[in-house]
Amino acid sequence: MKLVNSISEMQNIGLSAIVGGQKLAFVPTMGFFHDGHLSLMRWAKEHADEVVVSLYVNPAQFAPNEDLDSYPRDIERDMELARDIGVDHMFFPSTRDLYPAGFDTWVEVPGLSRTLCGRSRPQHFRGVSTIVCKLLNIVRPFMAVFGQKDRQQLLIIEKMVKELNIPVLIEGRPTCREADGLAMSSRNSYLSTEQRNLAPHIYQGLRIIKDEVLSGNTNPLKLEQNLREYYLHNIPGSEIDYIKIVDANTLEQPDLAGKNSFMAVAVRLGRARLIDNIVLG
Ligand code: AMP
């Protein structure tokens with residue numbers, strides 16, 4: 001596995017792949033790998049000739065009061081895991097190179113970025129779409145792979161790529177979960193034992209609501225209220241950031257919960273802000 005720090009070297013690798021007719025798949029990450037990240041890399045490996053994984057904790061997507069400095073990091077372990085999977089290139093760009101002094105070009109998808117996580121993290125998706133756009137321009141993969149756990153992020157990236165005519169396929173992959181249903185996340189490492197024992201209720205609640213939809217309750221507001229009550233009862237000490245049923249394409253509130261909608265939640269448990277979602281219908 002080749003370690004790449006420089007943007008120009010990464011650009012050369014991407015360009016050589018295009019010229020040589022090699023299909024290069026790209027998995028952008030912020031590191032501290034878990035099986036969710038690894039599942040994306042394995043899938044990329046199976047569907048491409050070469051795989052590039054980037055590891056970069058992007059300051060532009062963190063607000064000043066958020067966990068940029070304490071975001072979990074273990075680069076040695078990450079490299080071993082990626083190497084075992086057969087990742088070909090690991091890209092570690094620096095902030096100095098990505099955001100040099102005077103940097104002032106931003107990519108925004110404002111409509112989709114305003115709702116759900118965008119309400120409590122107003123600059124977050126501007127940071128995400130900008131860094132993903134930059135990384136796609138540097139790596140120039142034929143395909144980039146993202147997780148459906150961050151479903152709002154996935155929609156924003158799909159829209160950005162389509163509307164900016166970026167020549168890449170975007171592949172969204174299912175959420176990897178712990179045996180008890182908790183969505184894997186680097187931020188799960190913030191949880192105390194007690195919080196970790198409560199956290200599976202986030203997904204269990206979503207499953208219960210999905211069952212309600214399947215048995216005929218399709219009133220979004222009522223379903224949101226039911227999940228709120230479930231969390232208040234089963235995850236004491238948590239703080240609900242949002243619970244929302246949204247249209248799977250527009251993220252607007254649908255008249256009825258069902259086939260083309262999903263339910264998304266963000267819950268703060270101690271230091272961790274955990275997100276999850278489930279497709280309804
Ligand atoms: P992150 O390092 O958290 O920015 O995530 C990098 C990529 O991994 C993103 O595309 C995420 O959506 C994806 N990802 C994060 N958690 C999971 C998970 N539990 N299952 C599948 N993909 C995930």
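## Close-up views of a predicted model

**View 1. Arg121 and Glu66 form a salt bridge between their side chains, with N and O 2.7 Å apart.** This and the other views show a predicted model. Arg121 sits in the loop between helix H6 (117–120) and H7, and Glu66 in the loop between E3 and H3, so the pair ties together parts that are 55 residues apart in sequence. Arg121 is buried, at 10% relative accessible area. Glu66 is partly exposed, at 24%. A search of the whole structure finds ten salt bridges.

**View 2. A salt bridge joins the side chains of Arg177 and Asp276, at 2.9 Å from N to O.** Arg177 belongs to the loop between E6 and H9, whereas Asp276 belongs to strand E9; the pair therefore ties together parts that are 99 residues apart in sequence. Arg177 counts as partly exposed because its relative accessible area is 22%, and the cut-off for buried is under 20%. Asp276, with 4% relative accessibility, is buried. Leaving aside neighbours within four places in sequence, the contacts of Arg177 are Leu182, Ala183, Met184, Tyr203, Asp276 and Asn277. Ser238 is 61 residues from Arg177 in sequence, and their C-alpha atoms are 20 Å apart.

**View 3. Lys2 and Glu9 make a salt bridge in which the closest N and O atoms are 2.8 Å apart.** Lys2 is partly exposed, with 40% relative accessibility. Glu9 is also partly exposed, at 28%. Elsewhere, a network of salt bridges links Asp241, Arg268 and Arg273.

**View 4. The largest nonpolar core has 44 residues.** The members that touch the most others are Met10, Phe91, Val132, Leu136, Met160, Val161 and Ile170. At least two core residues come from each of helix H1 (7–19), strand E2 (24–29), helix H7 (124–139), strand E5 (143–147), helix H8 (151–163), strand E7 (239–247) and strand E8 (261–269). H7 contributes the most, with nine residues. Another core lies apart from this one and has 31 residues, among them Met30, Leu198, Ile202 and Ile209.

**View 5. Phe91 is shown with the residues in contact with it.** Neighbours within four places in sequence are left aside. The contacts include Val4, Asn5, Ser6, Ile7 and Met10. Val52, Val53, Ser54 and Leu55 are also in contact with Phe91, as are Leu135 and Ile138.

**View 6. Helix H2 covers residues 35–47.** Its 13 residues reach 18 Å from the first C-alpha to the last, close to the 18 Å expected at 1.5 Å a residue. The buried residues of H2 are Gly36, His37, Leu38, Leu40, Met41, Trp43 and Ala44. Their cover includes E2, strand E3 (50–55), helix H3 (75–85), E5 and strand E6 (169–173).

**View 7. Helix H8 is shown with Asn165, which follows the helix.** The 13 residues of H8 should span 18 Å at 1.5 Å a residue, and the end C-alpha atoms are 18 Å apart, which agrees. Buried residues of H8 are Arg151, Gln152, Gln153, Leu154, Leu155, Ile156, Ile157, Met160 and Val161. Asn165 has a positive phi, near 55 degrees.

**View 8. Phe32 and Leu251 have positive phi values although Phe32 is not a glycine and Leu251 is a residue other than glycine.** For Phe32, phi is about 55 degrees; for Leu251, phi is near 65 degrees. Phe32 is placed in the loop between E2 and H2, and Leu251 in the loop between E7 and E8. Phe32 is partly exposed, at 24% relative accessibility. Leu251 is buried, at 4%.

**View 9. Leu15, Ile18 and Val19 form a nonpolar patch on the surface.** Together they have about 280 Å² of accessible area. Val19 is part of helix H1. Val19 counts as exposed because its relative accessible area is 70%, and the cut-off for exposed is over 50%.

**View 10. Ala272 is part of strand E9 (residues 272–279).** Ala272 is buried, with a relative accessible area of 1%. Apart from neighbours within four places in sequence, Ala272 is in contact with Arg187, Tyr190, Leu191 and Val267. Phe91 is 181 residues from Ala272 along the chain, and 27 Å separates their C-alpha atoms.

How values were computed: Residues are numbered from 1 along each chain as its sequence is written. This is a predicted model: local features need pLDDT of at least 70, side-chain atom pairs count only at pLDDT 80 or more; totals for chains, interfaces and linings use all residues. Side-chain values use heavy atoms; hydrogens and water are left out. A nonpolar core is a set of buried Ala, Val, Leu, Ile, Met, Phe, Trp, Tyr and Cys residues joined through side-chain atoms within 4.5 Å. Buried means under 20% relative accessible area, exposed over 50%, partly exposed in between (1.4 Å probe, protein chains only). Helices (H or I, at least four residues) and strands (E, at least two) are DSSP runs, numbered from the N terminus. Contact means heavy atoms within 4.5 Å. The expected span of a helix is 1.5 Å times one less than its number of residues. Patches are made of residues with over 30% relative accessible area and no salt bridge: like charges are joined within 9 Å, nonpolar side chains (Val, Leu, Ile, Met, Phe, Trp, Tyr) within 5 Å. Accessible areas come from the Shrake-Rupley method with a 1.4 Å probe; for residues, only the protein chains shown count as cover. A salt bridge is a side-chain nitrogen of Lys or Arg within 4 Å of a carboxyl oxygen of Asp or Glu.
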